Amino acid sequence: MTKYALLIFKNLLRSKRRTILTIISIAVSLFIFALLVSLPTFVNQVLADTSSSVRISCHTKMGWDYPLPEAYRVKVAATPHVVAVATAVFFGGIYHEASDQFPSIATDPETFADVFSDWGLSGVDQFKKIKTACLVAQGTMRRFNLHVGQQIQIRGTLFPVNLTLNIVGTVANAPSQDFLIFRSDYFEEAVGNPHIVDIFWVKVDDSRNLPQVAAALDRQFANSSSETRSESEAAFVGSIFARVGIFLKVAELIGLVVVVAIGLVAANTAAMSIRERRGEIAVMRSMGFPSRVIFLLLIAESLAIALIGGALGCSAAFGLLKVFSLNADILGPIVMLRIPPVVLGEAMVVAMLIGLLSACIPAYSASRRNIVETLRMID
Amino acid sequence: MLRPWSLENMKPTDDITKEELSAVTLSHVTRTYKRDEFDVRALDNISLSIPAKRFVAIMGPSGSGKTTLLNLVAGIDHATSGRVAVGGEEISTMNEREISAWRARHIGLVFQFYNLIPVLTAFENVELPLLLTNLNKSERKTHVEAALKAVGLADRMGHYPRQLSGGQEQRVAIARAIVTDPTIIVADEPTGDLDAKSAEEILNLLTELNQQFHKTIVMVTHDPRSERFVQIVYRLDKGIFVGAEQGGRYVEPVASLQPQE
């Protein structure tokens with residue numbers, strides 16, 4: 001097939017404008033496809049990553065938007081198989097402009113590092129010593145050009161107070177790269193000791209004990225004024241994503257619709273291009289080019305256009321998210337969108353299918369058209 | 001398998017083997033087309049024989065079946081009934097794959113409107129039929145250069161068809177037809193789209209290919225001026241073979257021009 005490469009290449013350049021426009025349209029569709037299909041795929045990956053976690057999220061039955069009494073902590077910590085407990089209260093908060101928002105969470109300085117030991121924390125000692133200390137995820141550090149030792153102010157949104165915080169360390173390996181944690185004692189003092197907790201994060205000694213610990217926790221607080229719902233970290237993350245489940249499905253559907261639409265456009269373009277060359281194809285066949293070779297040459301042209309378009313679209317999607325580190329705020333604090341390699345692979349397979357299917361019928365028909373009839377027509 | 005060749009190395013020879021006596025043999029060939037609900041009989045029970053290594057013309061008025069006959073000889077059309085044999089091979093029974101391979105090996109086609117691929121240079125156009133062979137790149141180059149040199153276009157190899165005159169384009173088409181060293185060159189109105197001077201040049205070139213290299217050339221033409229270049233003229237009218245003339249002399253019926261039953 002290499003000896004036909006020049007012929008394929010020259011035919012691609014036959015109508016440069018049409019080839020370029022087709023490549024661009026396929027690139028744009030694959031760009032959209034890669035972005036939209038990344039959302040659910042990335043969610044599934046995050047869920048898979050958290051499946052081995054030994055943490056339990058204990059929050060009210062009504063959902064983690066409603067607080068629990070801080071007093072539950074003692075009972076939670078005393079439950080068999082519980083290794084450590086860290087509280088979490090969502091403070092919200094705005095840094096500078098209204099658009100400069102990221103999750104700010106108040107937590108236990110003493111136990112946070114024990115519960116989240118896999119998150120790559122730095123500055124933990126300072127965090128334990130300084131009341132106004134905070135740890136910032138590395139994505140947020142980059143986003144606002146922050147550095148350790150810097151003092152920042154957070155304006156309250158859920159609570160009507162402003163906090164002055166000192167960055168003492170970072171969080172490197174959390175599933176989300178855009179959040180800030182600060183000390184719960186500072187929070188209590190600032191907002192007037194409400195003694196509330198949104199979530200008790202409970203670390204269990206073994207993942208096999210997760211179900212029984214979760215059940216024990218909920219049993220303890222059954223029939224109380226604030227009944228709890230305890231679930232594994234994977235289930236908790238899943239419940240967050242369930243809130244945007246419809247959006248993810250719609251995104252996936254839009255991605256597919258775009259690809260099908262562009263596939264039809266590519267098919268029309270391929271049909272036009274092949275129709276224009278019926279005479280040349282007839283001449284080549286009269287020279288002895290078998291129908292099979294003609295068919296493969298036409299398919300190869302279409303495939304080349306589709307794969308170039310696919311590669312451009314995937315590179316653009318990957319590069320855009322890489323360079324600008326776009327955060328998927330819509331998905332909450334746990335994830336930051338990036339395109340998984342599997343989606344890039346899927347997008348290239350889709351590009352290949354566009355190339356194959358769009359040219360298949362016109363190429364087959366052109367490669368088998370009656371030579372004499374075609375020559376008579378062009379004469 | 002293509003025979004390696006070079007026009008410079010080809011030696012004229014008068015040794016015509018028995019097989020080569022008849023380059024083309026048509027026996028009781030009929031070709032009927034369907035046009036809407038009508039059957040059109042383009043060729044009606046034609047039997048004729050074209051000797052090898054001759055430059056012959058098929059002439060007749062429009063609609064006489066000249067091009068149909070040429071298409072059958074070139075293997076790009078099938079007879080409705082009867083037998084067509086070229087170079088000793090019966091082609092009317094070949095399937096699509098066999099006939100494609102046969103055309104690549106034995107037929108060089110020249111069209112009225114040249115039919116060069118516009119995005120390819122003269123060199124690349126001539127190289128096209130060689131892509132079907134096992135020749136490597138440098139061997140293909142040698143063949144293409146020899147063919148273009150033979151038609152007097154060695155200095156136009158890098159030119160695209162749009163950069164050539166009509167006569168030059170037809171020369172490239174002839175180079176494309178001869179580059180595989182085919183058994184027969186079939187030309188459908190090769191001078192039909194050319195001015196008188198270019199037409200004469202093309203006819204001289206075909207004559208030279210026939211006389212120097214003993215190529216069998218079967219040409220369909222309307223042009224009465226072509227008659228003085230060819231050795232035999234076959235005349236058709238309304239799909240019927242009405243006779244042949246050799247050297248301006250009516251020779252039909254002549255045993256040598258009739259197929260051996």
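This is a predicted model: local features need pLDDT of at least 70, side-chain atom pairs count only at pLDDT 80 or more; totals for chains, interfaces and linings use all residues.
Chain B contains 6 helices and 11 strands. Of its 261 residues, 49% are buried.

The contact between the two chains draws 22 residues from chain B and 19 residues from chain A. On the side of chain B that touches chain A, the elements giving two or more residues are α1 (66-74) and α2 (96-106) of chain B. Helix α2(B) supplies the largest share, 6 residues. Sorted by class, this side of chain B comprises 13 nonpolar, 4 polar and 5 charged residues.

The loop between β5 (89-90) and α2 of chain B holds B:Met94. This residue counts as partly exposed because it has 17 C-beta neighbours inside 10 Å, whereas a buried residue would need 20 or more. Apart from neighbours within four places in sequence, B:Met94 is in contact with B:Ile99 and B:Trp102. The C-alpha atom of B:Met94 lies 9.5 Å from that of B:His78, a residue 16 places away along the chain.

The surroundings of B:Val218 can be followed in detail: setting aside residues up to four places away in sequence, B:Val218 touches B:Val24, B:Ile50, B:Val56, B:Ile58, B:Leu70, B:Val73, B:Ile184 and B:Val186.

Helix α14 of chain A (residues 371-378) shows how buried and exposed residues are arranged around a helix axis. Its buried residues are A:Ile371, A:Thr374 and A:Leu375. Viewed down the axis of α14(A), these buried residues fall within an arc of 95°, and therefore line one face of the helix. An α-helix has 3.6 residues a turn, so residues three or four places apart point the same way. The buried residues of α14(A) pack against α11 (278-287) of chain A. On the face turned away from the buried side, α14(A) carries the exposed residues A:Glu373, A:Arg376 and A:Met377.

Terms used
Residues are numbered from 1 along each chain as its sequence is written. Chains are lettered from A and ligands numbered from 1 in the order in which they are written. Two residues are in contact if their C-beta atoms, placed from the backbone, lie within 7 Å. Helices (H or I, at least four residues) and strands (E, at least two) are DSSP runs, numbered from the N terminus. Ala, Val, Leu, Ile, Met, Phe, Trp, Tyr, Cys and Pro count as nonpolar, Asp, Glu, Lys and Arg as charged, and the others, Gly among them, as polar. A residue is buried if 20 or more other C-beta atoms lie within 10 Å of its own, exposed if 12 or fewer, and partly exposed in between; C-beta atoms are placed from the backbone. The arc is that of the directions from the helix axis to the C-beta atoms.
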